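Please have the model open as we go.

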Amino acid sequence: MAFQPVKFYQTGTFTVGNRLLDEQQRSVQAQEERSNSLNSGHRACQGCGEALGARYAIDAAMHATGNQLIAANATGCLEVFSTPYPESSWQIPWIHSLFGNAAAVASGIAAALRVKGRGEVRVIAQGGDGGTTDIGFGCLSGMFERNDDVLYICYDNEAYMNTGVQRSSATPPAARTATTMAVGAQPGNVFGQGKNVPAIAMAHDIPYVATATVAELHDLEYKVKKAMGFHGARYIHVFVPCPLGWGAASQDTIKLARLAKETGLFPVFEAEHGEVTSVSKIRRPIPVEEYLRPQKRFAHLFGQEPAAEVIARLQTIADRNIKKFGLLDAAA
Amino acid sequence: MLKQIEGSHGVAEAVALARPEVICAYPISPQTHIVEALGEMVKTGALSPCEFINVESEFAAMSVAIGASAAGARTYTATASQGLLFMVEAVYNAAGLGLPIVMTVANRAIGAPINIWNDHTDAMSQRDCGWIQLFAETNQEALDLHIQAFRLAEELSLPVMVCMDGFILTHAYERMDVPEQALVDAYLPPYEPRQVLDPREPVSIGAMVGPEAFTEVRYLAHAKQMSAIERIPQLAQEFRAVFGRDSGGLVRGYRLEDAETVVVALGSVLGTIKDTVDELRDRGVKIGVLGITSFRPFPLAAVRAALAGAKRFVVLEKSLAVGIGGIVATNVRLALDGLALKGYTIVAGLGGRAITRASLHRVFGEAIADRLEAVHFLDLQRERVARVLEREEAVRRSGPIAEGILKDLGTVASRIG
Amino acid sequence: MDKPFAITLDPNSSLANRTGSWRTKRPVYLDRLPPCNHACPAGENIQGWLYHAESGEYEAAWRVLTRDNPLPAVMGRVCYHPCEGACNRGKLDQAVGINAVERFLGDEAIRRGWLFERPSQASGKRVLVVGAGPSGLSAAYHLARRGHEVSIFEAGPFAGGMMRFGIPKYRLPRDVLDAEVQRILDLGVELRLNCKVSNILETMGEGGFDAAFLAVGAHIAKRAFIPAGDSARILDAVAVLRSMEGEDQPMLGRRVVVYGGGNTAIDVARTAKRLGATEAIIVYRRTRDKMPAHDFEVEEALQEGVMVKWLSTIKQASNGGTLTIEKMALDQHGQPVPTGEFETLEADSLVLALGQDVDLSLLDGVPGLVIEKGVVKVNAQMMTGYAGIFAGGDMVPSERTVTVAVGHGKKAANNIDAWLRGETYEAPPKHELATYEQLNPWYYADAPKMVRPMLDLIRRQSSFDEVQGGLDESTALFEARRCLSCGNCFECDNCYGVCPDNAVIKLGPGRRFRFNLDYCKGCGICVAECPCGAISMIAETT
């Protein structure tokens with residue numbers, strides 16, 4: 001069953017906390033004693049969605065496991081900003097090995113824990129979209145296929161941000177990156193086939209796959225907790241806006257994540273054993289333009305002559321998601 | 001217990017006796033028989049508790065090993081050739097993180113052209129990666145070195161690569177003394193990690209280190225490996241005390257007394273060399289042999305001591321540093337700095353080319369007569385090479401070299417064409 | 001653990017890195033003035049009492065409410081709730097039903113017998129309040145709570161003033177009014193009924209009062225000159241409504257015409273209907289959108305069968321009850337102009353509802369007073385030109401509603417209290433207004449406004465039972481929770497949760513939050529994601 005939002009009590013479960021709700025219905029993030037697994041002093045940019053998403057996810061996992069957690073981290077922003085010598089922001093046992101092997105390292109940790117009879121300790125692998133959908137894809141698929149007892153969390157900010165905003169296989173069409181510049185006859189990233197890693201994860205028939213965004217904390221925490229209830233390979237794909245890479249205002253991180261979901265460009269759903277079990281409905285339907293416009297990476301679509309055709313193609317992608325996942329209520 | 005078994009199987013038994021907790025396996029010839037045997041032992045329960053993980057690549061194999069080792073498990077894997085290169089990034093990483101993984105490298109050539117047979121190019125490519133590299137001369141030594149390797153790795157928190165010649169050792173059936181479990185247990189204590197991923201005492205492993213400390217980190221890696229120069233002979237001695245035989249150590253001399261010429265080599269070819277030397281000694285030639293077991297760390301002092309009294313040295317190596325010649329030879333020369341020895345490099349056995357006593361007699365003779373060229377390619381078919389060079393000179397689109405050679409031999413292409 | 005140098009780090013060691021130094025702007029928590037509070041003529045802290053009501057802490061809510069207004073059960077019925085007109089939720093879906101929740105709290109207080117806390121100390125000062133209407137009662141309440149000895153001199157036979165004599169029972173049941181008046185008297189306020197003050201200075205002198213608050217209501221009906229036959233039955237609205245409080249109900253007949261367009265006209269027409277008139281017709285010279293009466297009251301009157309002749313003036317009332325009506329037209333300024341077209345209307349009685357004046361005779365001979373357009377001039381402290389005499393409600397230039405009157409009472413009490421101590425009252429500075437644009441409405445749950453039950457139409461036409469019902473506990477709670485808490489932290493934990501740098505410190509229930517400026521990078525997400533606009537970014541000065 002999907003996350004059941006509490007619809008009223010002033011703000012229901014839309015806000016992080018809510019004094020009117022039972023303690024159990026408030027988020028982990030609302031707790032004074034939350035673990036702050038990724039603590040202050042990290043060097044993420046102002047308004048970093050990945051820093052936020054990582055703390056949300058790992059704190060939720062810590063809460064779900066009673067702090068019995070080990071994480072393996074792919075190279076990338078999250079790794080670099082959290083552990084530059086001599087300071088680490090992590091409060092959990094954590095290892096960084098390489099860019100493309102987080103899933104495999106986590107598999108190794110899980111194997112070690114199993115053989116040592118420490119099954120209570122759970123393992124998370126995490127990385128950005130580059131480390132997940134591109135360079136780490138082989139290891140990820142291997143981990144899935146073996147059904148290793150690992151929860152892999154991808155923090156998707158849709159490009160290689162750490163190296164200076166280059167295109168990844170998660171970069172959306174038309175987006176400007178340092179390797180898909182907004183020049184020429186078809187500025188920005190190409191309209192490729194896309195690489196839907198959550199769907200690929202589902203194709204492995206692993207116990208649990210979910211997508212989430214930093215804009216819906218309760219849903220995200222629910223999914224992490226649910227994932228921790230399974231053994232075997234699990235995958236959560238979290239949408240985390242990057243103010244720097246997207247050319248967005250630092251305060252708009254959550255707003256953009258919300259718009260990505262509300263436009264249908266980023267479908268939020270969960271699946272068990274290869275079957276979609278629930279989707280997070282769009283609450284306030286909006287056209288993709290509202291999501292694209294605040295981002296400089298799409299600025300070339302809104303010049304003196306707006307690229308109506310390109311925007312329409314992006315809208316088609318959103319519409320297809322809406323149809324495919326049934327993101328709109330019949331009433332809406 | 002004495003057994004007549006395949007080298008790979010002997011090594012698998014040795015690894016099992018070391019009680020590994022996680023084994024990662026990816027198939028590549030010629031190491032495959034080792035992990036196959038281990039996989040079977042895990043499946044039957046003969047080796048327990050142990051996780052045997054079939055991974056999707058060598059890169060994953062080493063990565064899983066990194067995770068397992070960092071989480072405190074005694075970890076083993078094996079590879080060869082292309083597989084070693086495919087995991088290189090993780091190989092360096094394991095060393096950098098100081099994880100005591102033991103890995104067998106069943107030495108094999110590197111393509112292109114693809115070639116499954118033995119030489120040392122694969123291991124030599126990783127000589128600077130921070131792993132300890134031990135080369136086995138015989139199957140028995142390969143077996144013994146694996147037991148020593150776990151102890152050495154875990155004492156120093158460094159990964160150890162045990163190199164054994166592909167096919168020549170891995171696939172050879174010989175009599176091997178497989179020790180009792182109790183003896184191995186007596187020699188190899190349970191793994192006590194220097195650092196471990198554990199919620200009871202969280203640490204962040206694998207920080208990004210900038211210019212302010214990177215040099216120090218690298219120096220410490222070097223210093224740690226250099227400390228193995230003392231530890232390796234001690235562990236060999238202790239091994240002898242427990243198991244009653246000589247295995248391992250830094251170098252091993254053979255008939256070095258009053259030798260004017262010393263042949264230096266690694267691995268199984270030492271057997272052929274020793275036979276040849278015996279024959280030369282029988283003829284009164286003052287020649288001896290120095291086998292190097294520990295290529296990394298490189299035992300500069302031991303090599304220098306062994307060669308100091310000679311007039312010349314001949315390094316016979318199964319690897320080629322393209323553009324300069326020998327790899328082992330370069331290291332040996334470093335050990336002899338300031339000594340007036342003549343030195344010869346013989347590149348031999350590449351891609352499985354047989355090294356025969358006859359050929360050795362010929363080149364050793366030339367060396368003793370100081371007629372050998374500085375870098376000599378054993379049994380090189382000069383006419384063929386000359387024809388290729390000639391053709392390349394004349395024709396822009398001369399085609400792949402290998403194909404050209406085969407054409408010249410009239411074997412494949414001519415029949416197809 | 002003997003950790004490998006540099007590669008392995010201690011957990012949490014990044015706390016040494018004070019990322020606050022990156023900041024060019026910093027967030028600050030602030031409190032903004034909620035539009036409901038801003039719009040309330042009685043100066044209620046509406047958002048403040050809704051906060052407690054949201055938690056189901058109704059007594060706490062009532063106590064916050066009655067800090068400003070002692071008549072919530074009355075107010076929850078008769079206030080025209082400008083708060084709801086200003087409510088930001090109106091831009092989201094529908095305004096919060098503040099008035100309904102207020103009535104619920106008022107009724108709950110009556111039901112449960114909640115009483116005001118008596119003052120701990122007596123000031124020794126005596127204050128005279130003239131008039132027991134809403135402003136007089138309000139002033140008496142606030143003065144009594146500050147420890148002053150208060151006497152109310154009321155000319156009429158009952159307390160309540162216009163609440164009793166101007167508002168029909170079907171809008172304000174008298175037991176509700178009586179209960180709230182009694183609760184004020186229970187504070188020790190003396191009430192003298194049938195006690196008309198004819199000379200204020202004399203009365204003050206006789207009673208030894210240190211100050212006086214004049215709160216006489218506008219009970220004198222304005223007249224219009226209408227040529228009329230001797231037997232034409234012409235009444236004034238105030239008298240009609242007043243007589244409803246006595247034993248003899250007014251005789252209006254079967255066809256009643258009411259002349260005027262204010263709320264009083266509506267009240268009279270609806271009263272006539274309940275008294276059995278088959279036809280109750282309002283004659284009004286302009287159009288519905290120009291009518292001063294509140295539209296919902298017009299609507300209710302129409303539902304009950306009251307008829308309105310728009311764009312009409314009464315020119316003559318002849319014997320036998322025939323009224324001559326002239327049709328009007330609106331000019332370009334919206335002013336009605338005669339058309340010269342006439343028609344007639346049969347009426348058993350004509351009630352004039354053309355406004356009221358205040359009887360100011362008690363002020364005769366008081367030096368320094370300025371009276372203009374039938375009301376007394378007061379300064380910013382609500383003091384008249386005579387030191388120690390204050391005035392409010394219908395007596396001063398202002399809108400004449402119960403809510404405004406209650407606000408006057410409170411304001412005057414604050415000033416009288418200060419004056420008695422030889423000081424000048426200074427109202428605390430007001431926060432900037434919380435606008436809709438400062439909110440992040442995403443976070444508020446979709447919640448339709450709770451509808452108050454209405455009495456069925458047959459009974460509305462035949463009885464004086466209360467027309468509009470109240471919310472029950474569950475619907476009142478729901479309605480309270482529709483509050484957006486504009487401009488003031490309601491501890492939703494959003495800032496605490498959304499900070500990527502954990503730079504918000506949660507201080508615990510009721511204690512809100514604090515920024516940890518050692519780590520705050522100034523990204524502004526907390527500001528953008530604060531639902532209620534209680535955080536602002538300011539430039540760093542250094």
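Let me begin with Tyr152(A), which counts as buried at 1% relative accessibility, where buried means under 20% relative accessible area, exposed over 50% and partly exposed in between, with a 1.4 Å probe and protein chains only. Tyr235(A) is buried as well, with a relative accessible area of 0%.

A word on the basis: this is a predicted model, in which local features need pLDDT of at least 70 and side-chain atom pairs count only at pLDDT 80 or more, while totals for chains, interfaces and linings use all residues. Residues are numbered from 1 along each chain as its sequence is written, chains are lettered from A and ligands numbered from 1 in the order in which they are written, and side-chain values use heavy atoms, with hydrogens and water left out.

Over all chains there are 31 aromatic pairs, meaning rings of Phe, Tyr and Trp (its six-membered ring) with centres within 6.5 Å, called stacked when the planes are under 30 degrees apart, edge-to-face when over 60 and tilted for the rest. Tyr152(A) and Tyr235(A) form a stacked pair, 6.1 Å centre to centre with 25° between the planes.

In chain C, the ring centres of Phe390(C) and Trp419(C) are 6.2 Å apart with planes at 75°, so this pair is edge-to-face. Phe390(C) is buried, at a relative accessible area of 1%, whereas Trp419(C) is partly exposed at 31%. Ring pairs also join Tyr29(C), Tyr496(C), Phe513(C) and Phe515(C) into a cluster.
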